[in-house]
Amino acid sequence: MKLELCRVVQGGSRLGVLKGLGRMGEHSLEVPACLLYTHCGCVPHLTHDTLHSLDQLPSVTQVSLDHLAEHQEVLEEFKEGFKKFSGLHDTVLFCSLHDPAIHSPTGYTTNKTVSVWGSGGRTELTAAKFMALQKLARPDCYVSMADGETWQDNTSRKRVRKSVERTLAHLDTCLLVHQASQELEGAALFGAVEGGDVLEERVRSARETAKRPVAGFCLDGLQTGRVDAALRGQLVGAVIKELPEDKPRLLQGVGRPDEVLACVEAGVDLFEGFFPFQVTERGCALCFRFDTATDPESADRTPPSETLTKPNGDNHPDGPTPFEMNLKDKRYQDDFRPLVEGCGCYCCRNHQRAYVHHLLATNELLAGVLLMLHNTAHYLAFFAAMRRALAADKMDLLKRRVLARTQTNA
């Protein structure tokens with residue numbers, strides 16, 4: 001895996017291509033980008049055929065170990081890896097420890113173990129069991145085992161320091177097994193950067209992880225709702241300075257468009273693609289603007305009819321955001337426009353807001369399908385627009401368009 005940078009904008013934003021992805025190096029991914037979010041290999045609400053009706057799908061598909069751990073016996077019997085087991089073709093499989101859209105219970109981490117939570121409850125993992133699962137899953141890329149439970153308000157500096165030491169010890173164990181494993185030959189191992197909200201520990205974690213032979217870096221513990229956005233920016237900026245420029249940086253747990261823009265400006269390359277799923281689960285549709293090709297004077301004007309959702313606190317991870325419309329609202333029962341004017345997704349080409357409102361009001365499963373199609377298409381188009389804006393030096397205009405929603409909903 002090799003990151004080729006086309007442009008680095010003053011301040012940190014990076015435009016480039018991640019090449020050599022996959023065991024045979026046959027895939028590539030333009031960055032900044034998001035991964036394709038799945039539950040156990042399936043995008044929620046969508047079949048594989050429905051999913052592939054969308055354009056611009058990322059070449060990297062994310063699965064999480066908390067879903068795979070409870071299928072260990074099946075994978076042992078199958079013996080050909082999770083990608084083939086789940087029918088994933090022509091994609092790069094990326095395995096993370098936790099599902100970014102699900103809040104797992106805390107307080108179950110020890111010096112030697114971390115816990116993951118699936119539908120059957122808790123699974124405790126040692127480094128040896130963690131790597132045994134990776135051998136069974138055979139991902140193309142995966143994040144090393146890490147202790148990321150340091151985001152609570154009452155976490156002491158001693159606990160944060162211990163999390164960094166544990167994570168580095170886990171990484172060293174994972175590297176030893178990885179380098180000796182035939183099943184993981186050609187796979188890329190990402191090192192986790194921890195450190196809570198303590199700047200010195202973040203820098204130490206980044207510096208020590210960068211000394212190891214990892215393919216990339218995963219910035220953990222900075223999720224929306226866990227860290228103030230301004231503090232996150234400070235911590236990410238400090239961490240980036242310690243990391244080599246030729247390796248990708250993935251930020252976990254951040255999906256809001258305004259926060260993505262801020263983190264791209266700080267130097268982050270990759271994000272998890274769970275945000276469209278969260279919006280869909282709320283019965284909402286993404287509707288923020290990100291076009292930079294039209295009249296700049298209209299960048300700060302949001303149509304009154306689309307000033308639709310009030311955020312449930314600026315940093316609340318589960319509440320509605322200013323970037324979506326709540327189609328459960330009765331105002332849409334006779335609104336016969338598409339979800340977003342000009343959107344080319346199947347839902348916007350064939351259905352109206354009133355129809356999706358009706359589906360939500362009657363608890364029809366089709367509501368989730370149509371919303372997930374639209375939200376995924378809209379979110380991927382946002383990342384494509386961000387790459388075009390970086391190439392054309394229009395990031396300021398893009399930011400004004402996107403952030404106009406937060407100002408309108410203030």
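These legends describe close-up views of one predicted model. Local features need pLDDT of at least 70 and side-chain atom pairs count only at pLDDT 80 or more, while totals for chains, interfaces and linings use all residues. Residues are numbered from 1 along each chain as its sequence is written, and side-chain values use heavy atoms, with hydrogens and water left out.

**View 1. The open sheet has nine strands in parallel pairing.** The strand order is S4-S14-S13-S12-S11-S10-S7-S6-S5. Strands (E, at least two residues) and helices (H or I, at least four residues) are DSSP runs, numbered from the N terminus. Two strands pair if DSSP finds at least two bridges between them. S4 (33-34) and S5 (36-37) are at the edges; each has a single partner strand, so one side of each is left without a neighbour in the sheet. S6 (residues 60-64) and S7 (residues 92-96) run parallel and are joined by five bridges. Ser64 has Ser96 in S7 as its bridge partner.

**View 2. Helix H5 (residues 127-137) packs on the sheet.** H5 touches S7 and S10 (141-143), and the directions of H5 and S10 make an angle of about 160 degrees. Contact means heavy atoms within 4.5 Å. Axes are lines fitted to C-alpha atoms, for helices over the stretch in contact, and angles run from 0 to 180 degrees between N-to-C directions. The buried residues of H5 are Ala127, Phe130, Met131, Leu133, Gln134, Leu136 and Ala137. Buried means under 20% relative accessible area, exposed over 50%, and partly exposed in between (1.4 Å probe, protein chains only). Just after H5, Arg138 has a positive phi of about 55 degrees.

**View 3. Val60 is a residue of strand S6.** Val60 counts as buried because its relative accessibility is 4%. Apart from neighbours within four places in sequence, Val60 contacts Leu21, Leu29, Leu35, Leu36, Thr91, Val92 and Phe94.

**View 4. Strands S1 (residues 2-8) and S2 (residues 14-21) pair in the antiparallel sense.** Six bridges connect S1 and S2, and Val8 has Arg14 in S2 as its bridge partner. Five residues lie between the strands of this hairpin, in which Gly11 takes a positive phi near 115 degrees.

**View 5. Helices H12 (residues 353-361) and H13 (residues 365-391) cross at roughly 135 degrees.** Their axes come within 7 Å. H12 and H13 are therefore oblique to each other; angles under 35 degrees count as roughly parallel, over 145 as roughly antiparallel, 65 to 115 as roughly perpendicular and the rest as oblique. Tyr355, Val356, Leu359 and Leu360 of H12 meet Leu366, Ala367, Leu370 and Leu371 of H13. The contact residues comprise eight nonpolar, no polar and no charged. Ala, Val, Leu, Ile, Met, Phe, Trp, Tyr, Cys and Pro count as nonpolar, Asp, Glu, Lys and Arg as charged, and the others, Gly among them, as polar.

**View 6. Helices H6 (residues 157-180) and H7 (residues 199-210) cross at roughly 10 degrees.** The axes of H6 and H7 come within 10 Å, and the two helices are therefore roughly parallel to each other. H6 contributes Arg157, Val160, Arg161, Val164, Glu165, Leu168 and Leu171 to the contact, and H7 contributes Glu200, Glu201, Arg204, Ser205, Glu208 and Thr209. By class, the contact of H6 with H7 has four nonpolar, two polar and seven charged residues.
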